[in-house]
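Hello,

Here is the structure I said I would hand over. Please look through it first, then read the notes below it.

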Amino acid sequence: MWPAQILDANPNYRGKTLFDVLFRNGKVDKFAASEVPADYENHEAKAFGFYVQKGSVRGIRRIRPRPWP
């Protein structure tokens, strides 16, 4: 799936899907599905087994810690 140029620059991507690289990467998937508030129905967390939205937002904050314009 990955072009040779990307694999040369990122050898750890070998054998991984885009989902693995973006979400199942030890940062986004570290938030358990059990952390989803009871009043927030979250089909993705149930399907993936981790709180995708919380991990994704935390990742964005690492990139851009200040409030968005």
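Helices (H or I, at least four residues) and strands (E, at least two) are DSSP runs, numbered from the N terminus. With that in place, N42 can be located: this residue lies in the loop between α2 and α3.

Some ground rules come next. The model is predicted, so to speak of a local feature requires pLDDT of at least 70 and a side-chain atom pair counts only at pLDDT 80 or more, while totals for chains, interfaces and linings use all residues. Residues are numbered from 1 along each chain as its sequence is written, and side-chain values use heavy atoms, with hydrogens and water left out.

The chain as a whole

The protein chain has 4 helices and 0 strands, and along the sequence the pattern reads α-α-α-α. A residue is called buried under 20% relative accessible area, exposed over 50%, and partly exposed in between (1.4 Å probe, protein chains only). Of the 69 residues in the protein chain, 19% count as buried. Accessible areas come from the Shrake-Rupley method with a 1.4 Å probe, and for residues only the protein chains shown count as cover. The accessible surface of the protein chain is about 5500 Å², and 57% of it belongs to carbon and sulfur atoms. A contact means heavy atoms within 4.5 Å. Taking the contacts in the protein chain between residues at least 6 apart in sequence, 25% join residues at least 24 apart.

Aromatic pairs

Rings of Phe, Tyr and Trp (its six-membered ring) pair if their centres lie within 6.5 Å; planes under 30 degrees apart count as stacked, over 60 as edge-to-face, and the rest as tilted. This rule gives 5 aromatic pairs. One of them is the tilted pair of F19 and F23, with 5.4 Å centre to centre and 40° between the planes. F19 is partly exposed, at a relative accessible area of 26%, and F23 is partly exposed with a relative accessible area of 26%. F19 also forms a tilted pair with F50, at 6.4 Å centre to centre and 45° between the planes. F19 lies in helix α2 (residues 18-22) and F50 in the loop between α3 (43-48) and α4 (52-63), so this pair ties together parts that are 31 residues apart in sequence. F50 itself is buried, at 2% relative accessibility. Ring pairs link F19, F23, F48 and F50 into a cluster.

The salt bridge

A salt bridge is a side-chain nitrogen of Lys or Arg within 4 Å of a carboxyl oxygen of Asp or Glu. How many does a search of the whole structure find? The search finds 1 salt bridge. In it, the side chains of E35 and K54 meet at 2.7 Å, N to O. E35 lies in the loop between α2 and α3 and K54 in helix α4, so the pair ties together parts that are 19 residues apart in sequence. E35 is partly exposed at 37% relative accessibility, and K54 is partly exposed with a relative accessible area of 23%.

Back to N42

Is N42 buried or exposed? N42 is buried, with a relative accessible area of 3%. Not counting residues up to four places away in sequence, N42 touches V36, Y51 and Q53. A polar contact is a pair of N or O atoms within 3.5 Å; within protein, one must be able to donate a hydrogen and the other to accept it, and residues adjacent in sequence count only if both atoms are side-chain atoms. The side chain of N42 reaches the backbone nitrogen of E44 at 3.2 Å.

The surface, and two distances

Patches are made of residues with over 30% relative accessible area and no salt bridge: like charges are joined within 9 Å, nonpolar side chains (Val, Leu, Ile, Met, Phe, Trp, Tyr) within 5 Å. M1, L18 and L22 make a nonpolar surface patch of about 340 Å². M1 lies in the segment before α1 (4-9) and is exposed, with a relative accessible area of 75%.

A47 is in helix α3 and counts as exposed at 62% relative accessibility. The C-alpha atoms of A47 and A33 are separated by 9.3 Å, and these residues are 14 apart along the chain. G26 lies in the loop between α2 and α3 and counts as partly exposed at 48% relative accessibility. G26 and G55 are 29 residues apart in sequence and 9.6 Å apart in space, C-alpha to C-alpha.

Regards
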